[in-house]
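Let's take a look at the sulfur links in this protein. Have the sequence and the 3D view open as you read.

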Amino acid sequence: MSRSLGHARVRRLTAVSAVVLLLAACGSRESHATLQAALQGNPSVAANTEGGSGSPSDGTAAVPSPGGTAGSGGQPTTVGVEPGVSQAPGAGTSTPNAGHPNNNGQGGFTRPTSSSGVSGAASSLLPGVEQSCPSQLASVNIASVGEQSGLAGAAVGAGAQAVAAWAAYVNSLGGLRCHPIHFTAADDGADPSRNASLTEQLVEQDHVVAFVYNDAPLAAAGSEPYLVQHDIPVIGNEGGEQFMYEHPNFFPQADGGNSLVYAAFAGVAKELTPSQRLHVGAISCLEAAECSIYGKDAPTITRQVGMHLVYNGSASLTAPDFTTQCLQAKKAGVQALFLVLDPNSIHRAAANCRDAGYKGVFATGSVIVVADYATDPNLNNILFASPVKPWISTSNPQIALFRQVLAKYAPGSNVAGSASLGWVSAQLLDASSVYWPNANTITSRDIISALDKVKNDDIGATTTPLTFSAGHDSPEPSCWYEMAIRSGAFVSPDGGKRECR
């Protein structure tokens, strides 16, 4: 039976083993046609019926109603991932081996089987090649609640697409420890009260046992009390919330909150000239938690990393023009200007500043980086620091797998920025699953207990070494990877090396 979240319009699927991928990244120039199709009620559905009976799937997908996005009063977006094999249009068909559903190279993928020598106890980042699932165990229902569309969704929504692609891939290999993964992404429309109601409904009606990559920079505070009260694990987020470090049931997959801001400035400082470091400015948004942290902490953190802040401005994400702030920054002598806005606003602000005569470099936070920055001449040489391994570092087996999985299960999605945060969130769940009990049903308590056993694990050299302990808040290490755009291409100036405070 079709289900709805937040009165969302639901499209019933007609094939077994279907995977519906989120059509977020509103504002991304590359996916505008796809988004428009979703707004007209035609979401992209990748499915096949290998081994299926032809009965309708009970997976659901809802898209914003025509005439508005969720961020402007439209309906929430949800995505359901059903067990089985997903088939992207035009891709070759592959059938999991019935006896060994996790055989290496299945579907053309090369799968990493260890954490690259890191001392974490989890020995396999995906279900081990030895896994055999003679019978399927109960599904594990996970979800992401946040801004999947609208201004913020343009920056953070790709992470939910990556989790959806991960779930499709894991299910094609027999599930996570033989448990099929059912994933739902719900769009809160940047409304904290809607974020809270969707979270409650997902837990109490849809039996979600964990949230993986909550991407709600504008609305996350709405569900924080409920998640804490009911001890529901939250595994990873987009990086904007300091409260990820204030509750034992929250498990950040990388730097976030204050640590992310520190990493953003520290990672850029190394690439600036001495003169640029002494003439730093920032324009941060008024709406999002991450923006407010940048504005509040910039004076202190810039001093800590050897910078001098000469301008600290702010603006609304809905502002049509940023010329006033650009002129103020230019007058203050800024030579390196941080733009902490949504992706479309960053394009506009960069153009406004260039038109105003600003000739210095730009910098930003990696969460708000999208692929089309590389095609904008105003953003050439922009600097940023990623809290996870750069998505261009395909010599790393995890990153190579990430790129392959997205290409197959989420073709056309924005691989830059938040997509890698979603992937590492999902892989943190995967790495901890080696500690799941041998049981048919996995509970929220089981997932928390398993995560609390993760020690010094950097998830295949893709993030800061993670350690969690029962009853304790997560520590706040600051690690980052330098990135930039040079001559229309994303690069890592120091070769993808991890730096830490």
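A disulfide here is a pair of cysteine sulfur atoms within 2.5 Å. What you're looking at is a predicted model, where local features need pLDDT of at least 70, side-chain atom pairs count only at pLDDT 80 or more, and totals for chains, interfaces and linings use all residues. Residues are numbered from 1 along each chain as its sequence is written, and side-chain values use heavy atoms, leaving out hydrogens and water.

By that distance rule, there are 4 disulfides. Counting bonded cysteines along the chain, they pair up as 1-2, 3-4, 5-6, 7-8.

| Pair | S to S distance | Torsion about the S-S bond |
|---|---|---|
| Cys 133 and Cys 178 | 2.0 Å | about -85° |
| Cys 285 and Cys 291 | 1.9 Å | 100° |
| Cys 326 and Cys 353 | 2.0 Å | -80° |

The Cys 285 and Cys 291 link is right-handed, whereas the one between Cys 326 and Cys 353 is left-handed. That last pair ties together parts that are 27 residues apart in sequence, because Cys 326 sits in helix H9 (residues 323-331) and Cys 353 in helix H10 (residues 343-355). Helices like these are DSSP runs (H or I, at least four residues), numbered from the N terminus.

So are these cysteines buried or exposed? Buried means under 20% relative accessible area, with a 1.4 Å probe and protein chains only. Cys 326 is buried at 1%, and Cys 353 is buried at 0%. Cys 285 is buried too, at 4%, and so is Cys 291, at 6%.

How values were computed:
Buried means under 20% relative accessible area, exposed over 50%, partly exposed in between (1.4 Å probe, protein chains only). Helices (H or I, at least four residues) and strands (E, at least two) are DSSP runs, numbered from the N terminus.
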